[in-house]
Amino acid sequence: MRVVGKGAFGKVFQVRQKGDVEGDGIFAMKVMRKDTIIKKKHVDYMKAERDILTKVVHPFIVQLRYSFQTKSKLYLILDFVNGGHLFFHLYRQGIFSEDQARFYTAEIVSAVSHLHTCGIVHRDLKPENILVDVDGHVMLTDFGLAKEIDESSRSNSMCGTTEYMAPEILQSKGHNKDADWWSIGILLYEMLTGQPPFTHPSRQKLQQRIIQEKIKLPPFLSTEAHSLLKGLLQKEPSRRLGSGPSDGDEIKKHKWFQSINWKKLEAREIQPKFKPDVNGKECIANFDKCWTTMPADDSPASTPTAGEHFQGYTYVAPNPWLSSK
Ligand code: ADP
Ligand code: MG
């Protein structure tokens with residue numbers, strides 16, 4: 001139907017399934033060119049994204065319905081999430097109250113804890129990849145950089161957007177699930193203050209700040225918020241909150257989250273205070289016009305010649321009409 005977004009690898013369309021009459025057949029279709037993926041040596045990531053999405057079912061993680069390929073491209077058919085980017089609403093409001101930020105951060109922590117339990121590190125937690133659904137709940141997308149890890153292995157590749165990257169990633173020290181908790185600390189700081197804690201126009205200086213600079217916490221935040229931010233934004237990963245064997249549980253038990261009933265939260269029973277303006281499944285009002293006014297062409301791409309890079313990519317979810325929510 002139309003383009004709704006674009007990232008480093010994928011162009012994302014709003015699409016309608018053939019034969020759909022009641023409007024339940026609206027999906028997001030992420031299209032990735034095989035030649036670009038091969039050129040950038042990202043074949044493994046794209047396979048990982050598809051594998052992760054078929055494996056993970058969680059109330060705050062976007063659900064994969066189908067995947068398929070043509071000679072030149074890979075296609076993921078995902079639930080269409082049309083409440084907009086969480087940070088689009090943040091920037092419009094300026095900052096979130098601690099209560100608001102607590103709700104969103106709790107849903108993100110819940111999703112990331114689940115990923116870690118499945119042996120997956122997201123590695124690219126940043127505003128672009130956090131959407132809000134029609135009810136106002138958080139939805140994580142984009143597992144293009146996520147990687148399945150076994151407990152002991154550490155990943156050494158550089159990825160993500162600098163502002164949200166953990167010091168150990170910038171220093172190529174190898175990183176693991178603790179890097180996700182750092183990113184969540186940055187996101188929380190930004191929700192509460194309107195800006196990430198470390199910024200600089202030069203990438204190199206920015207990296208230096210993340211690695212060396214002491215975090216400054218504004219006095220208007222509660223002592224509990226200070227304590228959580230200090231825990232998550234601990235530069236030494238082995239001392240970071242969440243680095244212990246109980247992983248996300250350590251964070252869920254922090255006193256800033258005391259008022260959160262995690263069982264209810266994970267059953268989607270905590271009503272979001274803010275409900276985005278969405279007029280039905282087809283509504284695209286919360287997407288940037290720079291995308292939605294683009295011609296909805298799935299433009300032809302050259303077919304890579306070499307080998308069987310993407311064998312077994314095709315997938316059909318067990319029941320495409322029964323949502324997991
Ligand atoms: P990339 O891997 O190239 O970064 P993403 O998966 O992040 O691609 O998708 C790019 C953009 O498309 C996102 O920032 C978001 O705006 C939009 N998008 C992605 N998935 C969905 C979805 N399921 N529903 C609605 N919009 C989506
Ligand atoms: Mg992205």
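Guide: Domain bounds here come from an automatic or database domain assignment. This is a predicted model, in which local features need pLDDT of at least 70 and side-chain atom pairs count only at pLDDT 80 or more, while totals for chains, interfaces and linings use all residues. Residues are numbered from 1 along each chain as its sequence is written.

Visitor: What separation lies between the centres of domain 1 and domain 2?

Guide: The chain is divided into domain 1 (2–81 + 279–312) and domain 2 (86–266). Their centres are taken over C-alpha atoms, and the separation is 25 Å.

Visitor: How many residues of domain 2 are in contact with domain 1?

Guide: Contact means heavy atoms within 4.5 Å. Domain 1 brings 19 residues to this contact, and the number from domain 2 is 28.

Visitor: Why does the largest pocket lie between two domains, and which are they?

Guide: On a 1 Å grid over the protein atoms alone, a pocket is an open set of points with protein on both sides within 12 Å along at least five of seven lines, and lining residues have an atom within 4 Å of a point. The largest pocket has 36 lining residues, with Lys6, Val12, His85, Glu128 and Asn129 nearest its centre. Because both domains give residues to that lining, the pocket lies between domain 1 and domain 2.

Visitor: What is the volume of the largest pocket?

Guide: A volume is the space filled by probe spheres set on the grid points, which are joined across faces, edges and corners. For the largest pocket that comes to about 780 Å³.

Visitor: Which helix gives the largest share of the lining of the largest cavity?

Guide: A cavity is a set of points where a 1.4 Å probe fits but cannot get out. The largest cavity holds about 70 Å³, and among its twelve lining residues are Tyr164 and Ser183. Helices are DSSP runs (H or I, at least four residues), numbered from the N terminus. Three of the lining residues come from the helix with the largest share, H6.

Visitor: At what angle do the axes of H6 and H8 cross?

Guide: Axes are lines fitted to C-alpha atoms, for helices over the stretch in contact, and angles run from 0 to 180 degrees between N-to-C directions. Trp181 and Leu188 are among the H6 residues that meet H8, where Leu228 is one of the partners. The axes of H6 (residues 178–193) and H8 (residues 223–232) come within 8 Å, and the crossing angle is roughly 145 degrees.

Notes: Chains are lettered from A and ligands numbered from 1 in the order in which they are written. Side-chain values use heavy atoms; hydrogens and water are left out. Helices (H or I, at least four residues) and strands (E, at least two) are DSSP runs, numbered from the N terminus.
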